[in-house]
Amino acid sequence: MSAALDVRGLTTRFATRTGHVTAVNNVSFSVEPGRILGLVGESGSGKSVTGFSVLGLIDAPGEIAGGQVLIEGEDMRALTPEAQRRMRGRRVAMVFQDPMMTLNPVLRVGDQMAMAVRVHERVSKSAALARAREALEIVGIPAPAERLKAYPHQLSGGMRQRVAIAIALLHRPSVIIADEPTTALDVSIQGQILAEVRRLADETGTAIVWVSHDLAVVSSLADDICVMYAGRIVESGPAAEVIAAPRHPYTQGLIQSVPSLHEPGRKLPQIPGSTPQLSRLPTGCPFRPRCPRATEVCASDPPDLGTGGRRVLCHHPLETP
Amino acid sequence: MSDTIAADSETLAVPSAAPRETRAVRLRNFWADYRRSWVAVASLIVIALLIAASFGAPLLAPQDPYDMAALDWMDAFLRPGTVGSGGYMHLLGTDNAGRDMLSAIFYGLRTSFVIGLTAGVLALSIGIVVGLAAAYFRGRTEAVLMRVVDLQLSMPAILLALVMVAMLGQGVAQIIFALVVAQYAYFARTTHGAATVERGKDYIEAARSTPLPTHRVLLRHLLPNVMPPLIVVATVQIASAIALEATLSFLGVGLPLTEPSLGSLISNGFKYIHTDRYWLSIYPGLFLMITVVAINLVGDQVRTILDPRNAR
Amino acid sequence: MTAPLLEIRRVSKRFTRQAGLIERGVARLTGQGAGGTVHAVTDVDLAVPQGEVLGIVGESGCGKSTLGRVVSGIYAPSEGEVVLNGQPVARDRHGASQKLTTKVQMIHQDPFASLNPRMKVGETIGEGPRVHGFGTAAEIRERTGSLLEQVGLEASYADRLPHQFSGGQRQRIAIARALAMQPELLVLDEAVASLDVSIQAQVLNLFTDLRRELGLTALFISHDLSVVRHVCDRVAIMYLGRVVELAGAEDLYRAPLHPYSEALFASVPTLGTGRASFHPIKGEIPSPLAPPPGCAFHPRCPMAGPRCRVEVPRLKTPVQGARQVACHLHDGGTQQKDIAA
């Protein structure tokens, strides 16, 4: 089965005063049509930069230093900038944490959606508006005809995010990259959007990469999970397996840090130390200074263990029960 | 469940923070950023040379232009490069009174710098008080203070300065006063803008809810955080104070020629601009331009460094 | 039973936005109203006994942060009063709040905004005690050092600037600053919300430790139900400015009574090993500029009846149990239009 999105060895670097910092380090993953991949990590893990790198949206002082991004088998990075631009929006689309990154505040929702359609396709304005209306229906917006006439500021935060998702859907892309799209929303609104996104993937066959810091959201939404730490994917696999039996000590620590799994009032198992600064990483395994299982061998680069869809980057992975 | 992560570890094991950053390190980083533009470095060197020349004028200048006794009518209108009766070369020539232009320019620069810096610092202080008070107390205080500032900003600074000088008369103190009145509004508006943003931040709320006395919140918390944009405005305003003073003197309402400033030198030479005695006003004008442009270039670079969008 | 440490007595907080001159002119021409009043907190009555951690939970616009600021003395209440040990926390002076006590301290959400970036950490912590004369300069310096150690940092960090610390470390500094004032009540406004999961666990553990050592009383404001369950003894759930349910954490999480509480619990994604089925609440949170009449939740409530659209439910103890809920379902049903008349 061919993957909608296949990322191989993607590496992104940023130039700083003290030298290069590798924000995304040799990252590989793939998503099949209709599946949702959760890209989980804490701040500075490189999860968002990975999302932007997939679309080629990295500006100086950053640069994509290597790797391939295959969209339905076609290497995005081998294309001309113009061809890449055409690819974005049509076959890969992005949804941001702040929907106002997508929405133009001075245009009516319908006008900007129609414009987005006509950038890539030669259709009449009324046909474009019909497409826009259809997209709003897909994301569960009530009374879509009226919303088309509204300006973005007249919509609530949740509604704006739905419109942003609808815009991403306009060209029926095969891949959507969603960067923390529900982080700024309230739980009740987040619940509504998660339900729509799950239905969307199932019904339209769009492959979705869901970038998030929230393990609970990802575990209930995604089919597969990639856990990122200091720019690398340290563990990946089917969501249920990764959550039930994590193999990387970091993943385990992350899961155990969630308060709802513990008796109220008791102390939580915690990962010591702070999230790493990319400019001051130790040699070898970046999690080494915080890891309870670390030994001298961890000062060398950790091996990629595991098979098939279940991988872990660790010298001393936890045994699966 | 494995035992890898102890639930009740005694130590919280927080790794040490980044190495302590001293003032020297911060200064070094600032300089590293500043150095990136050679134009800005050159401007800084030019300003340093001009300041050295102006404040060292009594030592460097071949002649004291204030000393009427040292002037000789025979030396009037000497071309640049000629040797006069004093036995030294007039590099930039002499004026209609036989004054050595280079000396006059050095002394003139000193007057310009003194006036520009004094007026700038005074205007900055008054502007900070007005802007901070308006931003912190809001309500009626803000409405009254900022409307006055707006009113003043709607008038050209030169007009305001002219009116002030007309009322107060000539002299260094009067000019400074006029410049302060004309310029404090720029500082007040910048302070008000920056302070309004900072006031909304949690650290001000935290200070107020401790509770700390108002003057402490204003001076120890709000003020240090509105300084960066003010430093940028201050450099630009000092340059414009120098230009403003020159304008007033050129118009003949500033300083008399016996107390030469760049403006009065230009004004004096302007009478001869249509003859071939170009050097009387061209050279002081050139120095004025170089001074103002160099200060502005330095201000620009400081703005670039302090802009958080350029942070690395 | 002794009197509670903190009493919030029928507190309301309204914000009135004055329309500008031009706006008023435009409003007159177009026939629309200008300005408006936000009812951020309406008629909240709570008491917190010594040693208790009370959770305040709700979504954006529910007034939980405003309530925290009223309790901290940052805002003066529009109606009612906040009383600590029998003494009011703040008074209204020329329309601004003047705080009267140092015994309530607040910890903010964003540790990157809540520390003065140009003040050394030691000064930030020691400033309040020095201004209020808690000891000599040497005593305060020593105490600052021991506070830093108490929150899991090193005493030598006192002469560093905040930007040299990570988010979690900054939040520890903010906690040390609050503790330096020897408060009787801490108000934590989303204090762990902006931290990474692994760091959040560290700060929650620190809070658990400090609570055990110092017997802290606290108002713990959060939108995160799992965090609240972990640290709070009792929980108040707010919706559009009012407390809709108040119960012991255990009872509430086992069986929420108010339909909103129930729906809120249902929409929280939990860490699980299977695809979850979502049961989101329908509709949107109404604007606090124009809250719906009657029960504010009725437009989204699956159980709403005619009475809910007219009558505001009061926070009452239902037939059995020691908890309180503001819902007609638990107070004679949703059918009657007006039982008081």
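## Stop 1: a tryptophan in chain A

Select Trp210(A): leaving out residues up to four places away in sequence, Trp210(A) touches Ile36(A), Leu37(A), Gly38(A), Leu39(A), Ala178(A), Val218(A), Leu221(A) and Ala222(A). Two residues are in contact here if their C-beta atoms, placed from the backbone, lie within 7 Å.

This is a predicted model, in which local features need pLDDT of at least 70, side-chain atom pairs count only at pLDDT 80 or more, and totals for chains, interfaces and linings use all residues. Residues are numbered from 1 along each chain as its sequence is written, while chains are lettered from A and ligands numbered from 1 in the order in which they are written.

The predictor gives the complex an ipTM of 0.88 and a pTM of 0.86. Chain C has an average pLDDT of 88, with 90% of its residues scoring at least 70; pLDDT is the predictor's confidence in each residue, from 0 to 100.

## Stop 2: the annotated stretch

Select residues 5-255 of chain A, which an unreviewed UniProt entry annotates as "domain: ABC transporter". Such annotations may be inferred rather than shown by experiment. Over this stretch, the chain is 40% helix and 28% strand, and the end C-alpha atoms are 27 Å apart. Helices (H or I, at least four residues) and strands (E, at least two) are DSSP runs, numbered from the N terminus.

## Stop 3: strands in chain C

Now select strand β1 (residues 6-17) of chain C, which runs antiparallel to strand β2 (residues 36-48) of chain C and is joined to β2 by 9 bridges. Two strands pair if DSSP finds at least two bridges between them. β1(C) also pairs in the antiparallel sense with strand β4 (residues 79-84) of chain C, over 5 bridges. Which residues face Ile8(C)? Leu46(C) stands opposite Ile8(C) in β2(C), and Val82(C) is the bridge partner of Ile8(C) in β4(C).

## Stop 4: where chains meet

Show chains A and C: 37 residues of chain A are in contact with 38 residues of chain C. On the side of chain A that touches chain C, α7(A) gives the most, with 6 residues.

Next show chains B and C, where 21 residues of chain B are in contact with 28 residues of chain C. Helices α8 (202-208) and α9 (214-250) of chain B each supply at least two residues of the side that touches chain C. α8(B) gives the most to that side, with 5 residues.
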